[in-house]
Amino acid sequence: MSIIETDKIDAIGISKDGEGLILMLADHLDWKNEAEHLTLLQDKINAYLGFIESNQHSDTYQDRVFEYYIIDVRFKYKATANCLKFFEVINSQLGEYRIQVIKS
């Protein structure tokens with residue numbers, strides 16, 4: 001799986017406390033073309049948000065109600081300053097929906 005495959009969830013699991021759903025996003029791209037990379041990242045995150053919003057996780061985790069959601073972005077290359085700013089902006093918008101995007 002990769003950032004380019006917006007129709008797939010790279011990995012999914014439950015948080016250690018059992019209250020959250022964690023969606024892992026694998027980002028293997030370098031930052032040579034930062035604008036394109038950020039657009040691809042945004043598209044993949046939007047696909048994950050659609051997955052959460054449409055409750056598609058209930059296919060795997062039947063009868064589970066999650067208190068929060070984490071999109072865990074795993075970068076192969078160090079995230080740029082603009083990427084980190086992007087995360088700040090989206091997290092400020094998603095907080096009220098109990099969704100957080102983090103980098104690992």
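Predicted model: local features only at pLDDT ≥ 70, side-chain atom pairs only at ≥ 80, totals over all residues.
## The nonpolar core

In soluble globular proteins, nonpolar side chains tend to be buried together. Here the largest nonpolar core holds 27 residues. Which members touch the most others? They are Leu 41, Ile 45, Ile 71 and Phe 87.

Helix 1 gives the most, with 7 residues.

Start with Leu 41. This residue sits in helix 1. Leu 41 counts as buried because its relative accessibility is 0%, and the cut-off for buried is under 20%. Beyond its neighbours within four places in sequence, Leu 41 is in contact with Ile 3, Leu 25, Asp 27, Val 73, Phe 75, Cys 83, Phe 86 and Phe 87. One of these contacts, Asp 27, is 14 residues from Leu 41 in sequence. The C-alpha atoms of Leu 41 and Asp 27 are 8.0 Å apart.

Now take Val 73, in strand 3. Val 73 also has 0% relative accessibility, so it counts as buried. Leaving out residues up to four places away in sequence, Val 73 touches Leu 25, Asp 27, Leu 41, Phe 87, Val 101, Ile 102, Lys 103 and Ser 104. Ile 22 lies 51 residues from Val 73 along the chain. Between their C-alpha atoms there are 10 Å.

## Aromatic pairs

How many aromatic pairs are there? The count comes to 5. One of them joins Phe 75 and Phe 87 in a tilted arrangement, 6.1 Å centre to centre with 35° between the planes. Phe 75 belongs to strand 3 and Phe 87 to helix 2, so this pair ties together parts that are 12 residues apart in sequence. Both Phe 75 and Phe 87 are buried.

Phe 87 also pairs with Phe 86. That pair is tilted too, with 6.1 Å between the centres and 55° between the planes. Phe 86 is buried, as is Phe 87. A single aromatic cluster takes in Trp 31, Phe 75, Phe 86 and Phe 87.

## The largest pocket

Rolling a probe the size of a water molecule over the atoms shows where empty space is left. The largest pocket in this model has a volume of about 150 Å³. Its lining consists of Leu 49, Gly 50, Ile 52, Glu 53, Tyr 69, Leu 94, Tyr 97 and Ile 99.

Which element gives the most to this lining? Helix 1 does, with 4 residues. By type, the lining splits into 6 nonpolar residues, 1 polar and 1 charged.

## A buried histidine in a loop

His 57 lies in the loop between helix 1 and strand 3. Is His 57 buried or exposed? With 1% relative accessibility, His 57 counts as buried.

Aside from neighbours within four places in sequence, His 57 is in contact with Ile 12, Leu 21, Phe 51, Ile 52, Phe 66 and Tyr 69.

## Two positive phi angles

Most residues other than glycine have a negative phi, and most peptide bonds are trans. Asn 55 has a positive phi, near 60°, and is not a glycine. Asn 55 is in the loop between helix 1 and strand 3. Its relative accessibility is 40%, so Asn 55 counts as partly exposed.

Arg 98 also has a positive phi, about 60°, without being a glycine. Arg 98 is found in the loop between helix 2 and strand 4. With a relative accessible area of 45%, Arg 98 is partly exposed.

Technical notes:
Residues numbered from 1 in each chain as written. Heavy atoms only, no water. Core = buried A, V, L, I, M, F, W, Y, C linked by side-chain atoms within 4.5 Å. Buried < 20%, exposed > 50% of the residue type's maximum accessible area, 1.4 Å probe, protein only. Phe/Tyr/Trp six-rings, centres within 6.5 Å; stacked < 30°, edge-to-face > 60°. 1 Å grid on protein atoms, 1.4 Å probe; cavity = no way out; pocket = protein on both sides within 12 Å on 5 of 7 lines; lining within 4 Å. Points joined across faces, edges and corners; volume = space filled by probe spheres on them. Nonpolar A, V, L, I, M, F, W, Y, C, P; charged D, E, K, R; others polar. Contact = heavy atoms within 4.5 Å.
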